[in-house]
Amino acid sequence: MPDTLLSFVHVSDTHISHDPHYNHDGAMHTPMVGARSLVHQLNSLPFKPDFVLHTGDVVYDPDEEAYAAAREILREIEAPVYYLPGNHDDPAMLQRLMLGAETILAPFDYEFEVNGVQILCMDSNREAPPWCGR
């Protein structure tokens, strides 16, 4: 059996709010409780992933307080975390407040390499090019 080149965990839709009581109708737990549980589960895996890829909707409403709450919770993940914005995110705020970026990419496309494997991250929150058949 070949060696594993990389292992990662994909998460999305944490929908964290600065309001610890914010919740969706019918949900058993608030997004903050769910995110804390997610962090605990990620850190308790029987292996250490090379990275975690969060593909958006980090927060419910894109404001600085929500990103501060998300950063406080998600920074406890013991693996490197890479982000892409969802439709509830503000790409510039996500880059600045979650990643500490000084240079803001628009669109937020980037790549990174892990164990010789190139990972391409492409921000889908943009107008489709004309060749897409819209």
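Analyst: A residue is called buried when its relative accessible area is under 20%, exposed when that area is over 50%, and partly exposed in between (1.4 Å probe, protein chains only). This is a predicted model, in which local features need pLDDT of at least 70, side-chain atom pairs count only at pLDDT 80 or more, and totals for chains, interfaces and linings use all residues. Residues are numbered from 1 along each chain as its sequence is written, and side-chain values use heavy atoms, with hydrogens and water left out.

The setting comes first. The chain has 3 helices and 5 strands, these being DSSP runs numbered from the N terminus (helices: H or I, at least four residues; strands: E, at least two). Along the sequence they follow the pattern β-α-β-α-β-α-β-β. Of the 134 residues, 37% count as buried, and the C-alpha atoms fill a box of roughly 45 × 45 × 30 Å along the principal axes. Among contacts (heavy atoms within 4.5 Å) with a separation of 6 or more, 69% come from residues 24 or more positions apart.

The part examined here is helix H2, residues 64-74, in which Ala66, Tyr67, Ala69, Ala70, Ile73 and Leu74 are buried. Seen down the axis of H2, these buried residues fall within an arc of 160 degrees, so they line one face of the helix; the arc is taken from the directions from the helix axis to the C-beta atoms. Their cover includes helix H1 (31-43), strand S2 (51-54), strand S3 (81-83) and helix H3 (91-99).

S2 runs parallel to strand S1 (residues 8-11), joined by 4 bridges, and Phe51 is the bridge partner of Phe8; strands pair if DSSP finds at least two bridges between them. S2 is also parallel to S3, with 3 bridges, and there Leu53 stands opposite Tyr82. The chain passes from S2 through H2 to S3 in a right-handed β-α-β crossover, meaning that with the strands pointing away from the viewer the path from the first strand over the helix to the second runs clockwise. S1, H1 and S2 likewise make a right-handed β-α-β unit.

The charged residues complete the picture. The whole structure holds 2 salt bridges, each a side-chain nitrogen of Lys or Arg within 4 Å of a carboxyl oxygen of Asp or Glu. Glu64 and Arg96 form one of them (3.3 Å, N to O). This pair links distant parts of the chain, Glu64 in H2 and Arg96 in H3, 32 residues apart. Glu64 is partly exposed at 44% relative accessible area, and Arg96 is partly exposed at 37%. Arg75 forms a salt bridge with Glu72, their closest N and O atoms being 2.9 Å apart. Arg75 is exposed at 51%, whereas Glu72 is partly exposed at 45%.
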